[in-house]
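The sequence and the structure are shown below.

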Amino acid sequence: WGDRVSRRMEVQSLVDISISCRDLPKMDLLSKSDPMVVIQTRHPHLSKSDWYEIGRTEMIEDEHNPNFAKHIIVEFHFEEIQPIRLIVVDVDDRQSSDLSKQDFIGR
């Protein structure tokens, strides 16, 4: 039979994540917040500090209770820890996708 190669059968599914927020704080002086949510995860075999983005919602203008229309589809691997982190920001710089240019609301 020679060398045997053991293969782990990978069982996965897709998960549809829909997001809404309630009672977000006012981050802008003269208007309501313009919220957006970024979803991040990290690979289970890499450093705990290596978060990477897997999706983001649209920005909703002047809304403290947003119901985001955009859903995020992610792979779900059974029997595997898959941490996710949701970061809520108030979009101030609409030309930039850099989160450091936005006001952090929470996670």
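## Aromatic pair and nonpolar patch

Rings of Phe, Tyr and Trp (for Trp, the six-membered ring) are taken as a pair if their centres lie within 6.5 Å; planes under 30 degrees apart count as stacked, over 60 as edge-to-face and the rest as tilted. A search of the whole structure, which is a predicted model, returns one aromatic pair. Its members are Phe76 and Phe78, in an edge-to-face arrangement with 5.0 Å from centre to centre and 85 degrees between the planes.

Residues are classed by relative accessible area: buried under 20%, exposed over 50%, and partly exposed in between (1.4 Å probe, protein chains only). Phe76 is partly exposed at 33%, and Phe78 is partly exposed at 42%. Together with Val15, these two residues make a nonpolar surface patch of about 240 Å². Patches are built from residues with over 30% relative accessible area and no salt bridge, like charges being joined within 9 Å and nonpolar side chains (Val, Leu, Ile, Met, Phe, Trp, Tyr) within 5 Å. Val15 is partly exposed, with a relative accessibility of 32%, and belongs to strand β1 (residues 12–17).

## Basis and confidence of the model

Residues are numbered from 1 along each chain as its sequence is written, and side-chain values use heavy atoms, with hydrogens and water left out. In this predicted model, local features need pLDDT of at least 70 and side-chain atom pairs count only at pLDDT 80 or more, whereas totals for chains, interfaces and linings use all residues.

The predictor's confidence in each residue, pLDDT, runs from 0 to 100. The protein averages 85, and 84% of the residues score at least 70.

## Overall architecture

Helices (H or I, at least four residues) and strands (E, at least two) are DSSP runs, numbered from the N terminus. The protein has six strands and zero helices. Of its 107 residues, 32% count as buried. Among contacts with a separation of 6 or more, 61% involve residues 24 or more positions apart.

Gly106 lies in strand β6 (residues 103–106) and is buried, at 17% relative accessible area. Leaving aside residues up to four places away in sequence, Gly106 touches Leu86, Ile87 and Val88.

## Salt bridges

A salt bridge is a side-chain nitrogen of Lys or Arg within 4 Å of a carboxyl oxygen of Asp or Glu. By this rule there are three salt bridges. One of them joins Arg56 and Glu53, with 2.8 Å from N to O; Arg56 is buried at 18% relative accessibility, while Glu53 is partly exposed at 38%.

Arg94 forms a salt bridge with Asp34, the closest N and O atoms being 3.3 Å apart. This pair links distant parts of the chain, 60 residues apart. Asp34 is buried at 6% relative accessibility, whereas Arg94 is partly exposed at 46%. Arg94 also forms a salt bridge with Glu61, at 3.5 Å between the closest N and O atoms. Arg94 lies in the loop between β5 and β6 and Glu61 in the loop between β3 (51–56) and β4, so this pair ties together parts 33 residues apart in sequence. Through shared partners, salt bridges join Asp34, Glu61 and Arg94 into one network.

How values were computed:
Accessible areas come from the Shrake-Rupley method with a 1.4 Å probe; for residues, only the protein chains shown count as cover. Contact means heavy atoms within 4.5 Å.
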